[in-house]
Each structure stands twice: as structure tokens, then as C-alpha cells.
Amino acid sequence: MPTITFEDYKKAIKAKYEEEKNGEYSNNLNSPTSANLRNLCIKRFETNNSKDDLITFKSFFDFPFDRDNRNLYGEIELNKLTAVRRFLLNVTESPAEDTVQLAAILVDLQPRPFKEFQKQLDPDEVKLIEELRDTNHDKNGFFSDILPDKVETEKFPELKNDEVEKDKNEGIKQDEAEEVEQDENQDLGKIPTGIFTPIKKVGEGGTNSGLKRSLIIAAFLLGLILIVYLNMSQKDCMQWMGDHYEKIERSDDGYCDTYYDARYFDLKKIEVCDTTEFFDDIGRAKVWYIKIGNSVECYNQHAPYPENTQRFLKPITQHIIDKYLSNRPKCN
């Protein structure tokens, strides 16, 4: 078995982050500000009894986690979480080990920490890491061709992550100042008892500071209203029909099993044959797969697995082809 490195561990965390952005804590991870990561950290540790995770928390914040939320998360702690944000968004290439270990907890990578990750990987996952490590699939510093944002921005340029571009083009000081400002405008009534968020005293920022704060709050409320309106007015759902999605109307109570999503509506389950082209001219996967028992199902694009949207399709590799698809039928 090949040696699994800390770089492989970081790549796995970032891949898991892309999955978790569509999961239970998407509201924290889709916009991973320091404040959102702080709130997610509290959620992750409230029922966490892992000795390794608690050690990671203490090492990162310099104080142990308190389940009664008596710990104070001030400006220093928020600034520390900025490092986790930059790591998840691939803005920094050399994060500290404590930053990586805390990120693994926030995205709930299993197994963790790194010492356990080295021991318990599935052989197919190890083979995938080895292949991607040795090919041009990993030019961008992590598993670039299995990340949803890359696929989505190629197909839908308007979905490009403006926040990542902003981080790359603006200075660190400006970035941190904006995050602290955003944190000051969090709804304090929603923060667990004992969590401290610093607020400027009246007069420190003057009229301009107050105006800016009011505009931020107004923009936030307007955005929230727009999201609710679009959600309530959207009439389309989509339903998986065995090998493709079809649009359907919502039920009478307005509920959808799967809400319409243009990014994944063109997903098709495909039957591969002896002439199927699995890779393009530069070696990128054209077929995506998921393991079901001792076989694989193949699809035409990256997407959540339609039978269980908590799982994601993966790019095909030569190892998977040789192991599961070597006896492909002839094409008609």
C-alpha cells in the first residue's frame, strides 16, 4: 500500500468540504466566514466526545472546549478561524497543522485525525489518491477535477465563487477587517449563551461607521427576503426517473423531494461499452461513477448521487475501469 501523506489528507478534507457545502450545515459552509465557522465549531463539539478532536480544539484555540459555552470567542479567536477559511477556499497553500486538523473536524472527515486517516482508507480510495497524485488531475493543488465548484463554473460561469476571487485579489488586512465587521452584525440573539462577540462603542467609528453598518444590515435583510421569495415562488421540482431527471410540479403543500437545480438537471445514467471514451485529450474524466456493492454505476457528469444525495459521484479512474468495467459489452 502506498504511503498516505499529509498533502493527501489536506486534499481529502477539501473534497469533503465540497460535499458538506450541500449538506446539513450548508448555511455555515457555503459562506465560511469566521463567524459561520465559529458557530459550526460550537455545533460540532456540543456532542463530540472524541479525545483527539478535543485535543485539536485546545491546540487550535489555546483553551479547552466547554460544553456549557463559557468560553469566550473574541476577535483573536475569529482571526484564527480566518486561517481555516483560507485553507478551505484554497487561498493559502501552507496552512498550519492545527488549522488542517480543525478543518477536518468542521467538515466531518472520516477517519481523522491524520494518524487514523493513514490507517483506514479503502483500497480503492488509496488507488484513486495514487493515480491523481501521478497525473495532471491535481495541477491546482487538490483534487480539482472532483470538486463541484470547478465543474459548475465551467458549465455555468455565472456561478463562479466571487468570494474566492476577492480573497486572491485583496490584501489580508482588508479581508480580516471585513470579516470582523460582518461578525459584529450577527444576530446576537441566535448566538449560544456565553459566546462573546466584540461590538464597537458608540463614537469609535463615527457617522460613516454607523452608516456602513446600517447598509450591511439592510443588504442582509433584503437578500434574506429575496431568498425566501424565490423559494416560495419556485414551482418546479425534479424527479429521478431511473436514468435522468424530469421536471414536475410541486405537491399541493408546496413540498419537493428534489428541488429543481439547473446544475444537475442534465445528469444521465449511462451504460458504458467497449468504445466508451472515459477521458478527454488531456486526461480528465468524462465519466463519473459510484460504487454500489461490488459493481459501479456510471454517469455523464458530476452531481450528487440521485438515489442518495448525501453521496457524490466521483471521476472515473483507470483503476476503477480495470477492476469493475473490464468486461464491457460491445457497443451497438
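Trainee: Is C41 buried or exposed?

Mentor: C41 is buried, at a relative accessible area of 0%. Keep in mind that this is a predicted model.

Trainee: Which residues are buried along with it in α3?

Mentor: Among them are S34, A35, N36, L37 and R38. The buried set also includes N39, L40, I42, R44 and F45. Eleven of the 13 residues of α3 are buried, so the helix is largely enclosed by the rest of the structure.

Trainee: How far does α3 reach from its first C-alpha to its last?

Mentor: Helix α3 covers residues 34–46 and reaches 18 Å, close to the 18 Å expected at 1.5 Å a residue.

Trainee: Changing topic. How many disulfides does the count come to?

Mentor: One. The disulfide joins C273 to C331, with an S to S distance of 1.5 Å. The two cysteines sit in distant parts of the chain, 58 residues apart. C273 lies in the loop between β3 and β4, and C331 in the segment after α13.

Trainee: What is the handedness of the C273 and C331 link?

Mentor: Right-handed, with 70 degrees about the S-S bond.

Trainee: And is C273 buried or exposed?

Mentor: C273 is buried, at 14% relative accessible area, because the cut-off for buried is under 20%. C331 counts as partly exposed, at 30% relative accessibility.

Trainee: What about C298?

Mentor: C298 counts as buried, at 4% relative accessibility.

Trainee: Which strand does β4 pair with over five bridges?

Mentor: β5, residues 295–299, in the antiparallel sense. W288 stands opposite Y299 there. The β4 and β5 hairpin has two residues between the strands, and G293 takes a positive phi near 65 degrees.

Trainee: Where is the bridge partner of Y289?

Mentor: In β6, where Y289 is partnered by K314. β4 and β6 pair in the antiparallel sense over two bridges.

Trainee: How many residues lie between β1 and β2 in their hairpin?

Mentor: Four, and G242 in the turn has a positive phi of about 100 degrees. β1, residues 236–240, and β2, residues 245–249, pair in the antiparallel sense over five bridges. One of the bridges puts Q239 with E246 in β2.

Trainee: Last topic, the surface. Which residues make the nonpolar patch?

Mentor: I217, F220, L221 and L224 make a nonpolar surface patch of about 380 Å². I217 is placed in helix α12, residues 206–233.

Notes: Residues are numbered from 1 along each chain as its sequence is written. This is a predicted model: local features need pLDDT of at least 70, side-chain atom pairs count only at pLDDT 80 or more; totals for chains, interfaces and linings use all residues. Side-chain values use heavy atoms; hydrogens and water are left out. Patches are made of residues with over 30% relative accessible area and no salt bridge: like charges are joined within 9 Å, nonpolar side chains (Val, Leu, Ile, Met, Phe, Trp, Tyr) within 5 Å. Accessible areas come from the Shrake-Rupley method with a 1.4 Å probe; for residues, only the protein chains shown count as cover. A salt bridge is a side-chain nitrogen of Lys or Arg within 4 Å of a carboxyl oxygen of Asp or Glu. The expected span of a helix is 1.5 Å times one less than its number of residues. Buried means under 20% relative accessible area, exposed over 50%, partly exposed in between (1.4 Å probe, protein chains only). Two strands pair if DSSP finds at least two bridges between them. A disulfide is a pair of cysteine sulfur atoms within 2.5 Å.
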